Amino acid sequence: MSNIDLKIHPSGQFDNSAKDYKHITAVPLAAAMGAEIQGVQISELTDDSFAEIEDALFRHKMIYFRDQEMDHTDQENFTRRFGEFGTDAYTKGVDNHPDIQPVLKEADARTHMIFGGSWHTDSPFLEKPPAISMLRAVEPPPYGGDTMWANGALAYSFLSDKMKEVLAPLKVHMSAGNVLDHVRQHAQERDPRKLGSMDIKVDADVMIDGSFHPIVRTHPVTGEKALYVEESYSMGIEGMTDYEAAPLIKFLRDHITQAAFTCRLRWAKNTLTMWDNRLCLHHAFNDHDGFRREMYRTTVLGEVPQ
Ligand code: SIN
């Protein structure tokens, strides 16, 4: 048996190459995932460009657009092209735009915790977690405040057939229990200037009870399979004791988030990013004290994970 502490850098199954689209240009970001989409202004999108953007999103898992002159209404309209707005548990939106979720940290805020500051998929404790999330940078810091993503489909493809068999029938318990405990423990920081814009909207008991979802998810459009397990909300496995589930969850989290399966984006003003929340994880960083970071998020309602 090989030394289990030795992490072998995976090789051989990466294909994040771009398709030859007619209405957009996709420029891959990393070997594992991600692509910049060029040649479109989202506020003036045609149906043909939209169809290619959706295809590129499902292929690259995370896509981004630079230099987008957009306001909240443009972001709402673009989001609605993909479906209904998703439920956001953490914010009540901004004035007159309840589905535009502010993600804000002021320059003078000092906090141990920021919104999205660990590996997660958005709101998996819900029965129908968001299918797609979008984030628009209005005032990014000059450096720091990057976001990382991890490709759960690629990570799944690198598991052995035997591990895939073990995982196939398992359901992961997704609960906001740990996250809400953290928020409560630091309740003195509930001032939105300090804790970003966190202002819990969904009944906390519903978030804590959470949902049991397949630990290997199948994409409803492409049929691709992906690991659906992460750091923030994956609390257990149905039918297993915590003692049994914890090492398996730890292995899967470590596996999916290894550097080879990730990409990282440096934000600029007017960058819009979107990701397929079913097949990838993401992670924000609390590394820009002294610099304001102002972003706006929207989500698209998903299905019950299968
Ligand atoms: C999120 O978790 O949706 C926010 C990510 C970020 O602020 O970079």
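Predicted model: local features only at pLDDT ≥ 70, side-chain atom pairs only at ≥ 80, totals over all residues.

Leaving aside its neighbours within four places in sequence, with which residues is His255 in contact? Select His255 together with Ala155, Phe158, Leu159, Leu227 and Phe261, for these are its contacts once those neighbours are set aside; contact means heavy atoms within 4.5 Å.

Residues are numbered from 1 along each chain as its sequence is written, and side-chain values use heavy atoms, with hydrogens and water left out.

**First stop: helix H7**

His255 is found in helix H7, residues 242-256. Helices (H or I, at least four residues) and strands (E, at least two) are DSSP runs, numbered from the N terminus. His255 is classed as buried because its relative accessible area is 10%; buried means under 20% relative accessible area, exposed over 50%, and partly exposed in between (1.4 Å probe, protein chains only).

Select Ile256 next, which also lies in helix H7. Ile256 is buried, with a relative accessible area of 0%. Apart from neighbours within four places in sequence, Ile256 is in contact with Ala150, Asn151, Gly152, Ala155, Leu227, Val229, Phe261 and Leu281. A distance from the C-alpha of Ile256 to that of Ala153 gives 8.9 Å, although the two are 103 residues apart in sequence.

**Second stop: Lys61**

Select Lys61 in the loop between helix H1 (47-60) and strand E3 (62-65). Is this lysine, Lys61, buried or exposed? Lys61 counts as buried because its relative accessibility is 3%. A polar atom of the Lys61 side chain lies 3.2 Å from the backbone oxygen of Phe58.

Trp275 leads on to the ligand, which is surrounded by Val103, Phe115, Gly116, His120, Asp122, Leu135, Thr147, Trp275, His282, Ala284, Arg293 and Arg297; a residue is near a molecule if one of its heavy atoms lies within 4 Å of it. Strand E14 (280-284) and strand E15 (293-300) each supply at least two residues of this shell.

Display the side chains of His120, Thr147 and Arg293 and inspect the oxygen atoms of the ligand. A polar side-chain atom of His120 lies 2.9 Å from a ligand oxygen atom. For Thr147, the corresponding distance from a polar side-chain atom to an oxygen atom of the ligand is 2.6 Å, and for Arg293 it is 2.8 Å. Taken alone the ligand exposes 260 Å², and the protein buries 100% of that; accessible areas come from the Shrake-Rupley method with a 1.4 Å probe.

**Last stop: two loop residues**

Select Asn96, in the loop between helix H2 (72-82) and strand E4 (101-105). Asn96 has a positive phi of about 65 degrees although it is not a glycine, and Asn96 is exposed, with a relative accessible area of 75%.

Then move to Ser123, in the loop between E4 and strand E5 (132-139). Ser123 likewise is not a glycine and has a positive phi, of about 45 degrees. Ser123 is buried, its relative accessible area being 4%.

Technical notes:
Polar contact = N/O pair within 3.5 Å; in protein donor to acceptor, adjacent residues only side chain to side chain.
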